[in-house]
Amino acid sequence: MTALHEPVAATATGPLADAREQLREATTLLGYDEGLHQMLATPRREVTVSIPLRRDDGTTELFVGHRVQHNFSRGPAKGGLRYSPDVSLDEVRALAMWMTWKCALLDVPYGGAKGGVRIDPRSYSQAELERVTRRYTSEISPLIGPERDIPAPDIGTDEKTMAWLMDTYSVQQGHTVLGVTTGKPISLGGSRGRATATSRGVVHVALAALRSQGIAPEEATASVQGFGKVGRYAARFLAEAGTRVVAVSDQYGAVAAEAGLDIPGLERHVDATGSVVGFAGGDEIAAEAVLEAEVDLLVPAAVEGVLRGDNAGRVRAKVIVEGANGPTTPEADRILQEAGRLVVPDILANAGGVIVSYFEWVQANQAYWWSEIEVEARLAERMLAAWDSVNAAAARLDVPLRTAATCLAVERVAQAHQLRGLYP
Ligand code: NAD
């Protein structure tokens, strides 16, 4: 069942090529030798599983799922589970590597992992998705657990998915194991503040980034790509901070309003219809226009690779805060850097989710629950401390924020490798 990893030198495209290029830049700057680079670049463990589904109409279909544990030198592996028709092993590898850096950067005691099932969840009933989740969990269960690897929601999955995952694992173990997942419903050991944590973190950092550029958040404008678990609350918290959110998109289309979109109204529209399209409080615009809007702040909060060499030159936002993982390719990074745009990298900007996931795991392991106020305060403190340390490293090394963040994270993981030594 366990697949051998490809050698690091193997060619890759898309997010994996981007993740590898970012790591190569960091290990070169840090002066690491090729052996250490390869250890950092190569997933520790990968598994590919087949998931047969009995559909509601009695027919069967087969799906493929993956779980990649990139690194667990600093603690158990941690990372989301994605349901999307675009899932591939290489994409999961890239996302797992970014999780390793994110956990190290925020100094939570985890390594990085990611999982994915190649399925379009919108085409299946809840009962079918439950069966897919239970079968996938059952196949990967020898590899996961509170001390091994702790999944969480990502694109196409939610707290219900995590409840099924936790239940399946617990039934196999013979007792309830709350700490095997995070992002669970609150009534099942989820943490207060987890559902909005990624977006809260994005907005803490976005407001700090705007201020660092001399822009007052209450006078700023913003556009947000993606209106799911991350984009929706990011838009809400930005609007609450007084920032005018003038354009928003999802996979179906985009809406804009120069005076600022009524975000609570848009949320009600999305709850009722499933999309931002057709919202009466805005004008329909092309989806690409959200990325190229004349705004102070752009929050890409959908999928990877949306800011590329072919469109980065048209981005007019002064500050780009990555809610999504891997939205900016290295080529786009260079173009944005030359154009004087400030890019706050994903491993910093969207780390609020893993921070509160860590809090949820701590609470589950102690069976003691914190108040929402405690969770929010500790989240803000960690996000802003990381923002400060990445800025200090960027100034010291004279590099962009992404390079500084990656160097800080990679150095911590490499130190853990070196302190533990090589077995045997
Ligand atoms: P989600 O499935 O809840 O929402 C995704 C949103 O993006 C939806 O509104 C969808 O319509 C939209 N979308 C998809 N393709 C699009 C496109 N091409 N253009 C515009 N919109 C598009 O997923 P999510 O949990 O919000 O995750 C979004 C991103 O944030 C992913 O990159 C994910 O890995 C990252 N992330 C999520 C979390 C978390 O806690 N959920 C934490 C850190 C990072």
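Select helix α1 (residues 14-30) and helix α3 (residues 89-105) in this predicted model. The two helices pack with their axes 7 Å apart, at an angle of about 35 degrees. Seen as a crossing, α1 passes α3 in a left-handed sense.

Show the side chains where the two helices touch. On the α1 side, select Pro15, Leu16, Asp18, Ala19, Arg20, Gln22 and Leu23. They meet Asp90, Glu91, Arg93, Ala94, Met97, Trp98 and Trp101 in α3. Colour this contact by class and there are 8 nonpolar residues, 1 polar residue and 5 charged residues.

Next, move to helix α6 (residues 197-212) and helix α12 (residues 352-366). Their axes are 6 Å apart and the packing angle is about 130 degrees. α6 and α12 are therefore oblique to each other. The crossing of α6 past α12 is right-handed.

Which residues of α6 meet α12? Select Ala197, Thr198 and Gly201 in α6, which meet Gly352, Gly353 and Val356 in α12. This contact of α6 with α12 holds 2 nonpolar and 4 polar residues, and no charged ones.

α6 passes α13 in a right-handed crossing.

By class, the contact of α6 with α13 contains 9 nonpolar, 3 polar and 2 charged residues.

Now select the ligand and the residues around it. How many residues are around the ligand, and which come nearest? There are 22, and Asp154, Thr198, Lys229, Gln251 and Asn325 come nearest.

Select Arg82 first: an N or O atom in its side chain is 3.0 Å from an oxygen atom of the ligand. Then select Gly156, where a polar backbone atom is 3.1 Å from a ligand oxygen atom. Last, select Arg194, which has a polar side-chain atom 3.4 Å from an oxygen atom of the ligand.

Terms used
Residues numbered from 1 in each chain as written. Predicted model: local features only at pLDDT ≥ 70, side-chain atom pairs only at ≥ 80, totals over all residues. Heavy atoms only, no water. Axes fitted to C-alpha atoms, helices over the stretch in contact; angles between N-to-C directions. Helix = DSSP H or I, 4+ residues; strand = E, 2+ residues; numbered from the N terminus. Parallel < 35°, antiparallel > 145°, perpendicular 65-115°, else oblique. Left-handed = near helix turned anticlockwise from the far one by under 90°. Contact = heavy atoms within 4.5 Å. Nonpolar A, V, L, I, M, F, W, Y, C, P; charged D, E, K, R; others polar. Near = heavy atom within 4 Å. Polar contact = N/O pair within 3.5 Å; in protein donor to acceptor, adjacent residues only side chain to side chain.
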